[in-house]
Amino acid sequence: MTLLTRERLSTTSVHIYRGNTGQAKPFLLRRDGDRFITTYDPKRADVGTAAVLTRALLSSKGVSVSEVVLEGHDPALTNLYHAASTLLLDVEITRGPRITKPVVRVVSQDPRQATYFIPKKWDLLDALDRLPTAFADARPEAARQLKMLEQAKKDSGGKIDHALDVMARLILETDDPDSVYDEMLRLLDQYRTEETSIDAPATAA
């Protein structure tokens, strides 16, 4: 199975704006260069719905969303959404009686279908502080692998940040770190073989 598909290597950011009540649909999505922009009608939709539907729509088209950025929103909410999106989490602020503290729940077998649930009126800065622990409780192996990759970035002095970021994202998407590492090693071996072939002197006839 090939994990490093073009779609996974070509990630993009989504920027979400409040639209106006006169727009044609509750939310509108358009491409702007290497990013996507969503505007939502605040009378017919909320920012959470706009973010979830945008990610779902782009995912159905094979587009991998690397981050969600709220534009013109409360800074605490903006920081929370961005941090959650980098872990492939949706955010839902809920009145549900079963949610008594911020918690991450994986709602299906697909690791990309996970949500960070936060009780209504909970302090968003506290929810942001709790996010790493909540994520680790829900996906302990993925959290452990991400921590290792972050340490590897520090140890490498930034020389292989992009490769390590790709590995982290693949682990988040597949929940299969062994396959991710195997594929990266295979690609490195292939690269070394090609380099050796190029550099090897021609054999005299």
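Which residue in β3 does Arg 31 stand opposite? Keep that in mind as we go; the tour gets there at the second stop. One thing to know before you click: this is a predicted model.

**Stop 1: the whole chain**

Start with a cartoon view of everything. Walk along the sequence and they come in the pattern α-β-β-β-α-β-α-β-β-β-α-α-α-α. The protein has 205 residues, and 38% of them are buried. Now think about contacts between residues at least 6 apart in sequence: 52% of these join residues at least 24 apart.

**Stop 2: the four-stranded sheet**

Next, select strands β1 to β4 and hide the rest. Here is an open sheet with the order β2-β3-β1-β4 and mixed pairing. Look at the two edges: β2 (27-32) and β4 (64-70) each have a single partner strand, so one side of each has no neighbour in the sheet. Turn the view to look along the sheet and you can follow its twist, which averages 25 degrees from one strand to the next.

Now go through the pairs. In general, strands of a sheet pair through backbone hydrogen bonds, either parallel or antiparallel.

- Pick β2 and β3 (residues 35-40): they pair in the antiparallel sense, over six bridges. Show Arg 31, and you have the reply to the opening question: it stands opposite Phe 36 in β3.
- β1 and β3 run parallel and are joined by six bridges.
- Finish with β1 (residues 11-18) and β4, a parallel pair with six bridges. Thr 11 has Ser 64 in β4 as its bridge partner.

**Stop 3**

Select residues 114-119, which make up β7. Are they buried or exposed? Six of the six are buried, so this strand is largely enclosed by the rest of the structure. In a regular strand, side chains alternate between the two faces of the sheet. Colour Ala 114, Tyr 116 and Ile 118 for one side of β7, then Thr 115, Phe 117 and Pro 119 for the other; both faces are covered.

Now bring in the partners of β7. β5 (residues 89-94) runs parallel to β7, with six bridges between them, and Val 91 stands opposite Tyr 116. β6 (residues 103-106) runs antiparallel to β7, joined by four bridges; there, look for Val 106 opposite Ala 114.

**Stop 3**

As a general point, nonpolar side chains in soluble globular proteins tend to be buried together.

Zoom in on Phe 135. Leaving aside residues up to four places away in sequence, Phe 135 touches Leu 87, Leu 89, Val 104, Ala 142, Ala 143, Leu 146 and Leu 172.

**Stop 4: the largest pocket**

The pocket has a volume of about 490 Å³. Which elements supply at least two residues each to its lining? Colour β4, α3 (75-85), α4 (124-138), α5 (140-156) and α6, and you have them.

Conventions
Residues are numbered from 1 along each chain as its sequence is written. This is a predicted model: local features need pLDDT of at least 70, side-chain atom pairs count only at pLDDT 80 or more; totals for chains, interfaces and linings use all residues. Side-chain values use heavy atoms; hydrogens and water are left out. Contact means heavy atoms within 4.5 Å. Two strands pair if DSSP finds at least two bridges between them. Axes are lines fitted to C-alpha atoms, for helices over the stretch in contact, and angles run from 0 to 180 degrees between N-to-C directions. On a 1 Å grid over the protein atoms alone, a cavity is a set of points where a 1.4 Å probe fits but cannot get out, and a pocket is an open set with protein on both sides within 12 Å along at least five of seven lines; lining residues have an atom within 4 Å of a point. Grid points are joined across faces, edges and corners, and a volume is the space filled by probe spheres set on the points. Buried means under 20% relative accessible area, exposed over 50%, partly exposed in between (1.4 Å probe, protein chains only).
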